[in-house]
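Have a look at the model below and keep it open as you read. The notes that follow walk through some of its packing.

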Amino acid sequence: MNTFEKKLMPPKGPIDVVLDTDTFNEIDDQFALSYMLSYKERLNVKALYAAPFFNAHSTGPEDGMIRSYNEILTLLDLAGRADLRDVTFKGSADYLKDEKTPQISDSARHLSELAMNYTCENPLYVVAIGAITNVASAILLNPEIVNRIVIVWLGGHAQEWPDTMEFNMMQDVAAARVIFGCGCPVVQLPCAGIVDHFYISEPELNYWFMDKNPLATYLAKSTINEANAYAKGKPWTRVIWDVTAVAYLVNDDNRFMDYKIIPSPICQYDHHYSYDVRRHPISYVTKIKRDALMEDLIERLTK
């Protein structure tokens, strides 16, 4: 097994990691960041990057990014990790205009410089759970980092899905094409059809999280309030799939998920995949072991 192939497998032992997140978009980002912070013995967080997003929770990509930046700071305070405020950066104000021009931001600059401290044998792990704009921009700013990082991205849908109109991917198809085409080791966690199996319900939140500690209570209340606003008294479950991207980094003996190696897909602008078996390989998550991961999430966030 060569060095590239090893980087397509879950890492062993402590690693350095950064998280790129549209934290104000959905509650799953808050769970994912909190889960990452709980693994201090395995995951050495070197930086946090705010990603752009545009939906009902923002007035545009830049506003979404700024709201996400502020939400990261809120979570750091709740988690008792104010020490990470100094390595939390604002990201792109917009999506890529094409596949050659980066969106310049503090996040893109920082990642393009930070990654140079790593090597092919000892890479920096880049966990991305939003539009992949910041990461693609860092690669465009400094292509040399391709051999010094591993990208773990929750984006796109399962290959069997009829389209790729998943929120993270469809916001910035150009950025997705950059990361899947640059030759970097990539781990893809597809949303619909794979990681949408990781969900939580109101009874679970009330029983396992509520009033256990300030952070757990914040996560529970935020999830319940948002879900009840649209469920209007009906039963509901809520996907918190972003957690799975972090869980991949601690997936010892495939305890949380299964994966396989496939040729890197081609993300098309018409929101479909194309394929070429000659392209470099990526790791593709195929199954989430929901209960095992939920047990670990509860244990770690309610201590």
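This is a predicted model: local features need pLDDT of at least 70, side-chain atom pairs count only at pLDDT 80 or more; totals for chains, interfaces and linings use all residues.

**Helix against helix**

Two packed helices are described by the angle between their axes and the distance between the axes.

| Helix pair | Angle between axes | Distance between axes |
|---|---|---|
| α2 and α3 | about 45° | 11 Å |
| α4 and α5 | roughly 55° | within 8 Å |
| α3 and α9 | about 140° | 8 Å |

Let us begin with helix α2, residues 27-38, and helix α3, residues 61-78. At their angle of about 45°, α2 and α3 are therefore oblique to each other, and their crossing is right-handed. On the α2 side the contact uses Gln30, Leu33, Ser34 and Leu37, which meet Glu71, Ile72, Leu75 and Leu76 of α3. Sorted by class, the residues of this contact of α2 with α3 are five nonpolar, two polar and one charged.

Helix α3 also packs against helix α9, which spans residues 214-231. An angle of about 140° makes α3 oblique to α9. Here α3 contributes Glu71, Thr74, Leu75 and Leu78, while α9 brings Pro214, Leu215 and Tyr218. The contact of α3 with α9 has five nonpolar residues, one polar and one charged.

**Helix α4 and its surroundings**

Which residues of helix α4 are buried? Within α4, residues 106-114, they are Ser107, Ala108, His110, Leu111, Ser112 and Leu114. These buried residues pack against strands β1 (15-21), β2, β3 and β4 (124-128), and against helix α5 (133-141).

From α4, Ser107, Ala108, Arg109, Leu111 and Ser112 meet Asn134, Val135, Ser137, Ala138 and Leu141 of α5. By class, the contact of α4 with α5 counts five nonpolar, four polar and one charged residues.

**Aromatic pairs**

How many aromatic pairs does the model hold? The count comes to seven. Among them is the pair of Tyr35 and Tyr39, an edge-to-face arrangement with 5.4 Å centre to centre and 90° between the planes. Both Tyr35 and Tyr39 are buried.

Tyr49 and Phe89 form a tilted pair, 6.1 Å centre to centre with 40° between the planes. This pair links distant parts of the chain, with Tyr49 in strand β2 (residues 43-50) and Phe89 in strand β3 (residues 88-89), 40 residues apart. Tyr49 and Phe89 are both buried. Strands β2 and β3 also belong to the elements that the buried residues of α4 pack against.

Is Leu154 buried or exposed? Leu154, which sits in strand β5 (residues 149-154), has a relative accessible area of 1%, so Leu154 is buried. Leaving aside neighbours within four places in sequence, Leu154 is in contact with Ala128, Ile129, Asn168, Leu189, Cys191, Val195, Trp241, Asp242, Thr244 and Ala245. Pro190 lies 36 residues from Leu154 in sequence, yet the two are 6.1 Å apart in space, C-alpha to C-alpha.

Definitions and conventions
Residues are numbered from 1 along each chain as its sequence is written. Side-chain values use heavy atoms; hydrogens and water are left out. Axes are lines fitted to C-alpha atoms, for helices over the stretch in contact, and angles run from 0 to 180 degrees between N-to-C directions. Helices (H or I, at least four residues) and strands (E, at least two) are DSSP runs, numbered from the N terminus. Angles under 35 degrees count as roughly parallel, over 145 as roughly antiparallel, 65 to 115 as roughly perpendicular and the rest as oblique. A crossing is left-handed if the near helix is turned anticlockwise from the far one by less than a right angle, and right-handed if clockwise. Contact means heavy atoms within 4.5 Å. Ala, Val, Leu, Ile, Met, Phe, Trp, Tyr, Cys and Pro count as nonpolar, Asp, Glu, Lys and Arg as charged, and the others, Gly among them, as polar. Rings of Phe, Tyr and Trp (its six-membered ring) pair if their centres lie within 6.5 Å; planes under 30 degrees apart count as stacked, over 60 as edge-to-face and the rest as tilted. Buried means under 20% relative accessible area, exposed over 50%, partly exposed in between (1.4 Å probe, protein chains only).
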